[in-house]
Amino acid sequence: MPLVVMVGLPASGKTTRARELARELASLPREGGGHGGSGGGADGGSGGSGPDGGLRIGGTGPDRDAATDGAAALTASPTALAPANLDIVIINEESLGLVRAEAYADANEEKKTRGALLSAVERALSKDTVVFLDSMNYIKGFRYQLHCIAKNLGTTQCTIFCICPPADCETRNAARATDDDAYPPAVLASLLTRLEEPDARHRWDSPLLTLLPDDVSGEAAARLADLLWRPAHRPAPNQSVATRPLAHTNYVHEADAAVRAVVTAVSAAAASTAASSAVAVPGTTVRVSLPPRAVPPSELARLRRQFAAQTARLDSRLSIAEVATAFAEYLNTNLR
């Protein structure tokens, strides 16, 4: 299921916006003709904390208006339906039991905080769960790590940039002076200068939704649903993140045996053949064409090692039946 990365300055309204969007997504029409129930739990309602350390939004409450706690109504209909088994989790410092004032007090604590958030996302992200990462996420390198996690799972990702003037952030933070969520003035001043704004031209920030404080959450949720659940937006893992299929236990031994059998057949033919000829080798119908010169065993051994090194770097292994054919074609290319 998709990953939604919230980005913004501290005290810019990211948590409020994430809860509103999660409730709206939970209430969308589902595949198969069903309809989602309202989400609770963001303010101590029917939702709860899952084992992954995130706030879980879901359920089948009949009274949507009461549960949304003032969230904007859905005013736009998405063209993509939500999955029938939709589950939504919000992960932030609060859900992990961290105090923001302490979590960002210095570089070492901040590094630990990012590690905890990243681990929580890896645990929670699955085929049945939409994960909102509700944190500042102001470092583009950290967002790239999140992008790789989502791409490795073959799921979609969306970045939501909550724009808020720094002066308004300072005012909101001052209003939390008696709350654990408030940042010390020195910490806040430092964090306000660190934001690396997301850019839709970067693949780890795309697709990007930019929300202003007065934007309607319902309309944003409809746009978000279209971006998350349209099949065209689902990425395919590339070589950097794709998981190699497991090979059976004797693969290396059997592949090496197939290559050595080809080398033995070619060596024997080269020792007895004066002119260029096509040699039949075991394990394949491809014939090896010998050059009109002597082929020493050392050359065949060198080509065997090069072939083994190249096949080891392949994204997916050759099957045992394909090894002899591939090596015979490799010899035809390199024996001149």
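Analyst: Ala11 is buried, at 6% relative accessibility (buried means under 20% relative accessible area, exposed over 50%, partly exposed in between, with a 1.4 Å probe and protein chains only). This is a predicted model, where local features need pLDDT of at least 70 and side-chain atom pairs pLDDT 80 or more, while totals for chains, interfaces and linings use all residues. Residues are numbered from 1 along each chain as its sequence is written, and side-chain values use heavy atoms, without hydrogens and water.

Ala11 has a positive phi, near 60 degrees, and is not a glycine. Its place is the loop between strand S1 (3-8) and helix H1 (14-26); helices (H or I, at least four residues) and strands (E, at least two) are DSSP runs numbered from the N terminus. Most residues other than glycine have a negative phi.

Asn137 also has a positive phi, about 45 degrees. Asn137 is buried too, with a relative accessible area of 4%, and lies in the loop between S5 and helix H5 (140-152). Asn137 is one of the residues lining the largest cavity, as are Ser135, Met136 and Tyr138 (a cavity is a set of points on a 1 Å grid over the protein atoms alone where a 1.4 Å probe fits but cannot get out; lining residues have an atom within 4 Å of a point). Helix H4 (residues 107-124) gives the most to this lining, three residues.

The loop between helix H7 (185-191) and strand S7 (208-211) holds Pro207. A cis peptide bond joins Ser206 to Pro207, with omega about 0 degrees.

Conventions: 1 Å grid on protein atoms, 1.4 Å probe; cavity = no way out; pocket = protein on both sides within 12 Å on 5 of 7 lines; lining within 4 Å.
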